[in-house]
Protein chains: 2
Amino acid sequence: MQNFTYYTPTKVVFGRGTEAQTGALVREQGGKKVLLHYGGGSASRSGLLDRVRQSLREQEISWVELGGVVPNPRLSLVYRGIELVKQEQVDFILAVGGGSVIDSAKAIGYGAAGEGDVWDYYAGKRKPQASLPVGVVLTIAASGSEMSNSTVITNEEGWIKKGCRNDLCRPRFAVMNPELTMTLPPYQTACGCVDILMHTMERYFTSAQTMELTDGIAEALMRTVISKAEILMEEPDNYEARAEIMWAGSLSHNDLTGFGGDGGDFACHGLEHELGGLYDVAHGAGLAAVWGSWARYVYRSCPARFLRFALRVMGVVDGSGWEEIIEKGIEAVEAFFRSLGMPTSLRELGLAPTEEELALMARKCAASAGGHKGSARVLYEKDMLAIYEMAR
Amino acid sequence: MQNFTYYTPTKVVFGRGTEAQTGALVREQGGKKVLLHYGGGSASRSGLLDRVRQSLREQEISWVELGGVVPNPRLSLVYRGIELVKQEQVDFILAVGGGSVIDSAKAIGYGAAGEGDVWDYYAGKRKPQASLPVGVVLTIAASGSEMSNSTVITNEEGWIKKGCRNDLCRPRFAVMNPELTMTLPPYQTACGCVDILMHTMERYFTSAQTMELTDGIAEALMRTVISKAEILMEEPDNYEARAEIMWAGSLSHNDLTGFGGDGGDFACHGLEHELGGLYDVAHGAGLAAVWGSWARYVYRSCPARFLRFALRVMGVVDGSGWEEIIEKGIEAVEAFFRSLGMPTSLRELGLAPTEEELALMARKCAASAGGHKGSARVLYEKDMLAIYEMAR
């Protein structure tokens with residue numbers, strides 16, 4: 001078991017109608033002038049933005065607005081946000097949306113509180129020393145950014161996607177009303193469920209010594225996501241299932257499910273990252289497309305983990321031997337992905353990469369990880385290429 | 001499922017040797033002058049206090065000391081602490097110890113930051129508006145006070161024990177080195193394990209609608225506590241088991257295991273509270289002594305919960321019907337208590353209360369709860385008396 005720091009200061013206000021408390025929460029944090037940051041039209045069409053504006057008005061908090069955040073949030077909009085925040089003397093950033101909006105808000109928070117180019121933090125040239133406080137009204141259960149210390153931004157110059165992890169950006173509060181996620185398209189709900197499941201799987205599949213309590217929590221979370229995601233495919237308005245998925249999304253990526261471990265494997269995230277760089281694929285769908293191949297490539301390096309997963313999470317009850325039980329567990333995950341309409345191969349993802357493209361992705365994946373990645377099994381460029389080949 | 005607020009801002013620094021980081025953590029929180037607050041001689045004898053002093057020295061943080069906290073921490077010492085803090089212009093309170101020391105530190109934090117008598121907050125006359133920041137170096141896994149918003153103080157005038165719950169007192173950081181708990185007497189380790197288990201049981205046994213994810217986390221935590229507590233009875237120096245119990249102690253009472261519920265039952269805590277008031281009993285032992293009787297008195301009001309508990313937590317596999325499975329689950333808990341040397345009746349606790357004493361306790365228990373208590377089954381004075389009778 002490894003030493004560990006666990007820090008989740010975000011105040012979660014969870015349940016029906018909680019967006020009405022947004023203004024009071026900003027006030028509690030000392031915010032007087034807000035940047036209201038959001039994405040496209042859905043938050044506006046649903047009336048959510050109006051309810052949030054009303055709650056700010058009730059607390060006599062003034063605000064300026066910046067919409068237009070897109071998936072894989074862009075650095076150019078972050079720059080505009082920073083300029084606006086400085087110009088308008090904004091002291092609190094309120095993200096109304098999903099992971100992209102939250103990540104963009106975090107970037108603006110860093111840029112407005114610090115000197116110099118905010119991209120330096122993402123490029124790894126400097127570490128953030130301060131951030132404006134960020135609050136969240138969550139509309140998509142997926143990224144876990146509402147409680148995490150992570151933000152990922154895409155620099156349009158060269159289309160470079162980079163992350164920055166620092167506790168300074170953990171949101172001060174997260175308003176989570178599961179009803180707000182009921183109008184998501186099924187494909188987006190499914191992608192979110194895969195992303196949530198994968199955040200815990202990446203931590204669970206490891207060669208490090210783990211904690212029984214952490215493993216038990218992780219297994220409970222994975223079972224919950226799998227059973228509730230299947231309900232949501234049939235009943236998108238099921239409040240209880242929406243709530244379970246939403247809370248699972250936050251716990252899955254706030255480090256609770258990795259406590260005492262080695263930080264996790266995250267090779268699938270690395271493999272997906274390069275897919276996302278080369279093709280326009282949704283993050284959750286890309287993860288689903290590579291996971292099975294990754295699992296079959298690595299399981300012999302930590303069979304006990306995969307066996308336990310098959311028995312305790314996927315409900316496999318028998319097999320002619322341990323390898324068959326593990327294979328049944330992997331197949332059960334793939335069957336789950338398919339039940340959500342998610343792909344289990346690059347072909348099902350709609351991609352037909354050439355050998356050269358696979359080699360390029362493997363090279364970039366290894367390079368961006370500093371040569372190797374993974375804990376369940378340490379993967380080098382040749383391993384990454386082999387997994388891409390298997391995933392075809 | 002109920003709306004819920006979840007707020008656990010405490011930065012947990014967990015693992016071997018982490019007490020060396022204490023000074024740096026105080027500095028990170030802006031502390032310049034510390035009140036070093038502790039109990040009896042064990043923290044001194046073990047060298048822990050010296051290591052903490054050294055870490056303060058290294059950060060050039062000055063401090064004053066106040067030892068002498070006893071179980072059921074006293075108001076008189078809190079008053080002395082408040083005076084000392086004001087006199088010495090202390091800006092940070094560092095608790096080195098278990099729940100009693102932490103609760104005393106929280107009380108001093110309230111008293112030093114507010115006007116008037118600090119007891120008012122415990123007597124329910126006023127609500128705290130501010131607190132000095134509190135940090136913790138934890139030496140006993142039991143109360144969960146290191147992450148909780150609760151503090152319980154005993155006023156020697158009339159020996160009144162009262163609690164105060166407010167997010168202002170949640171510690172800023174908690175240093176948790178499982179090694180520090182290895183020298184506890186076995187009885188104290190056992191009492192701590194019961195306390196931890198009960199903090200989750202009190203939330204788990206409810207008639208409210210719960211969340212699958214919350215239940216799964218609670219069940220994983222209860223299974224972990226039971227299996228690791230039994231290891232500690234044989235191997236008190238087992239680091240992994242100490243670590244599991246220590247982390248379980250924090251998660252058990254920081255509201256994670258009650259998320260989305262109704263706040264829990266807590267009738268056993270109420271029943272034990274009166275035992276503790278009338279006799280000198282350890283909290284964990286008192287809880288163990290009444291739990292079985294409580295469970296048999298209430299299970300018919302929420303049989304599905306008790307059935308699930310028997311099957312998923314206590315590993316009961318069969319029975320001639322649901323009541324037998326439930327009874328086997330209750331018996332398994334009692335067997336666990338006995339394996340720790342804990343009592344399962346008042347007699348085993350060394351008490352032989354008269355009818356008058358039982359009636360007095362039931363009256364006080366009902367009165368202090370405002371007439372009734374409980375969620376698994378709502379208990380009135382006559383029910384409380386019946387449970388005390390059963391527990392004899």
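Which residue in E7(A) does Val152(A) stand opposite? The first legend answers. This is a predicted model, in which local features need pLDDT of at least 70, side-chain atom pairs count only at pLDDT 80 or more, and totals for chains, interfaces and linings use all residues. Residues are numbered from 1 along each chain as its sequence is written, with chains lettered from A and ligands numbered from 1 in the order in which they are written.

**View 1. The hairpin of E6(A) and E7(A).** Val152(A) stands opposite Gly163(A) in E7(A). Strand E6 (residues 150–155) and strand E7 (residues 160–165) of chain A run antiparallel and are joined by six bridges. Strands pair if DSSP finds at least two bridges between them. Helices (H or I, at least four residues) and strands (E, at least two) are DSSP runs, numbered from the N terminus. Four residues lie between the strands of this hairpin, and Gly158(A) takes a positive phi near 90°.

**View 2. The axis relating chain B to chain A.** A 180° rotation, with 0.0 Å of shift along its axis, superposes chain B on chain A at an RMSD of 0.0 Å. The relation is therefore that of a two-fold axis. In chain B, Pro9(B) has the C-alpha nearest the axis, 1.8 Å from it. Both copies use the same surface: 100% of the contact residues of chain B recur in chain A. The superposition is by least squares on the C-alpha atoms of residues with pLDDT of at least 70 in both copies.

**View 3. The contact between chain B and chain A.** Chain B gives 31 residues and chain A gives 32 residues. Contact means that C-beta atoms, placed from the backbone, lie within 7 Å. On the side of chain B that touches chain A, strand E1 (4–14), helix H8 (212–234) and helix H9 (239–252) each supply at least two residues. E1(B) gives the most, with ten residues. That side of chain B has 17 nonpolar, eight polar and six charged residues. Ala, Val, Leu, Ile, Met, Phe, Trp, Tyr, Cys and Pro count as nonpolar, Asp, Glu, Lys and Arg as charged, and the others, Gly among them, as polar. Strand E1 (residues 4–14) of chain A pairs with E1(B) in the antiparallel sense over seven bridges. Val12(A) stands opposite Tyr6(B).

**View 4. Val96(A) in the largest nonpolar core.** Of the 276 residues in this core, Val96(A) and Val96(B) touch the most other members. A nonpolar core is a set of buried Ala, Val, Leu, Ile, Met, Phe, Trp, Tyr and Cys residues joined through C-beta atoms within 7 Å. Beyond its neighbours within four places in sequence, Val96(A) contacts residues including Leu36(A), Tyr38(A), Val101(A) and Thr139(A).

**View 5. Leu307(A) in helix H12 (residues 303–312) of chain A.** Why is Leu307(A) classed as partly exposed? Because 18 other C-beta atoms lie within 10 Å. A residue is buried with 20 or more such atoms, exposed with 12 or fewer, and partly exposed in between. Beyond its neighbours within four places in sequence, Leu307(A) contacts Trp322(A), Ile325(A) and Ile326(A).

**View 6. Buried residues of helix H15 (residues 381–391) of chain A.** They are Asp383(A), Met384(A), Leu385(A), Ile387(A), Tyr388(A) and Ala391(A). Their cover includes helix H10 (267–278), helix H11 (283–298) and helix H14 (355–368) of chain A.

Technical notes: Contact = placed C-beta atoms within 7 Å.
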